[in-house]
Amino acid sequence: MPVRHLFTTPLYQEQIGQPELIAELEESVRALAEDDIAGKRWSREHRYRGYTSYASLDDLPIRDPAFADLKRLLDRHVARFAEACAMDLGGRRLKLDSLWVNLLKPGGGHSGHIHPHSVVSGTVYVAVPEGAGGLKLEDPRLARFMAAPPRRPDAPESLATFVEVNPEPGTILLWESWLRHEVMPHAGKGDRISVSFNYRW
């Protein structure tokens with residue numbers, strides 16, 4: 001057919017291939033969920049179903065060698081993604097701006113949002129119980145569809161309005177920070193553990 005697909009939305013998906021590091025990160029996240037009083041208070045006050053260090057700790061790569069190792073890996077993956085996106089960085093590299101952990105209990109999720117003031121955002125998945133729910137990505141043009149009919153359920157991924165990615169432990173996902181996304185409700189058993197982050201220019 002004489003149809004061209006323009007303005008693609010890139011998503012980077014890879015296995016980091018370091019099971020020992022994933023195990024260390026799980027242990028560290030569980031320790032933080034026990035010891036981070038400010039993070040537990042913030043999670044409780046904001047009805048976060050579980051624990052997040054989002055508003056309490058901003059020095060995890062300095063505080064814990066496992067997160068320092070993770071940062072070195074992330075730097076390489078983010079550089080590859082920036083290159084794949086044809087970003088003209090003027091000879092500079094994107095820099096880690098923030099990194100936080102998430103321990104989501106069954107029933108928890110995170111509604112649709114973007115990450116302002118960042119260039120690349122992402123998540124590394126540490127523990128993903130069956131039924132834990134994936135990451136749902138939204139077509140950034142959705143608000144401009146106006147009178148357009150909905151897409152068929154069998155539409156190819158490149159034409160879908162929403163795409164849900166169901167990661168495994170060790171999966172890294174990267175996307176440009178303007179891309180609206182949400183964490184689907186955790187319908188499984190056990191803790192869904194991830195590490196999220198933002199990079200800036």
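Visitor: With which side chain does the side chain of histidine 115 make a polar contact?

Guide: A word on the model comes before the reply. It is predicted, and local features need pLDDT of at least 70, while side-chain atom pairs count only at pLDDT 80 or more and totals for chains, interfaces and linings use all residues. Residues are numbered from 1 along each chain as its sequence is written, and side-chain values use heavy atoms, with hydrogens and water left out.

The partner is the side chain of asparagine 198, at 2.6 Å. A polar contact is a pair of N or O atoms within 3.5 Å; within protein, one must be able to donate a hydrogen and the other to accept it, and residues adjacent in sequence count only if both atoms are side-chain atoms. Histidine 115 sits in the loop between strand E4 (110-113) and E5. Helices (H or I, at least four residues) and strands (E, at least two) are DSSP runs, numbered from the N terminus. Histidine 115 counts as buried because its relative accessibility is 11%; buried means under 20% relative accessible area, exposed over 50%, and partly exposed in between, with a 1.4 Å probe and protein chains only. Leaving out residues up to four places away in sequence, histidine 115 touches Trp100, Ser121, Ser177, His181 and Asn198, where contact means heavy atoms within 4.5 Å.

Next comes the sheet. Six strands form an open, antiparallel sheet in the order E1-E8-E5-E10-E3-E2. Two strands pair if DSSP finds at least two bridges between them. Strand E1 (11-15) and strand E2 (50-52) are the edges, each pairing on one side only. On average, neighbouring strands of this sheet are turned by 15 degrees against each other, direction ignored. Such axes are lines fitted to C-alpha atoms, for helices over the stretch in contact, and angles run from 0 to 180 degrees between N-to-C directions. E5 and E8 are joined by five bridges in the antiparallel sense, and valine 120 stands opposite glutamate 176 in E8. H1 packs on the sheet, where it touches E2, E3, E5 and E10, and its direction makes about 95 degrees with that of E5.

The nonpolar interior follows. A nonpolar core is a set of buried Ala, Val, Leu, Ile, Met, Phe, Trp, Tyr and Cys residues joined through side-chain atoms within 4.5 Å. The largest has 35 residues, of which Phe67 and Phe197 touch the most other members. Helix H1 (19-35), helix H4 (65-84), strand E3 (95-104), strand E5 (120-127), strand E8 (171-176) and strand E10 (192-200) each supply at least two of its residues. H4 gives the most, with eight. Another core lies apart from this one; it has twelve residues, including Tyr125, Leu135, Ala160 and Val183.

H4 also holds arginine 80, which is partly exposed at a relative accessible area of 48%. Apart from neighbours within four places in sequence, arginine 80 is in contact with Tyr12 and Glu14. Between arginine 80 and proline 65 there are 15 places in sequence and 23 Å in space, C-alpha to C-alpha.

Two loop residues are left. Arginine 47, in the loop between helix H2 (37-45) and E2, is not a glycine but has a positive phi of about 55 degrees. Its relative accessible area is 76%, so arginine 47 is exposed. Alanine 86, in the loop between H4 and E3, has a positive phi near 60 degrees. With a relative accessible area of 64%, alanine 86 is exposed.
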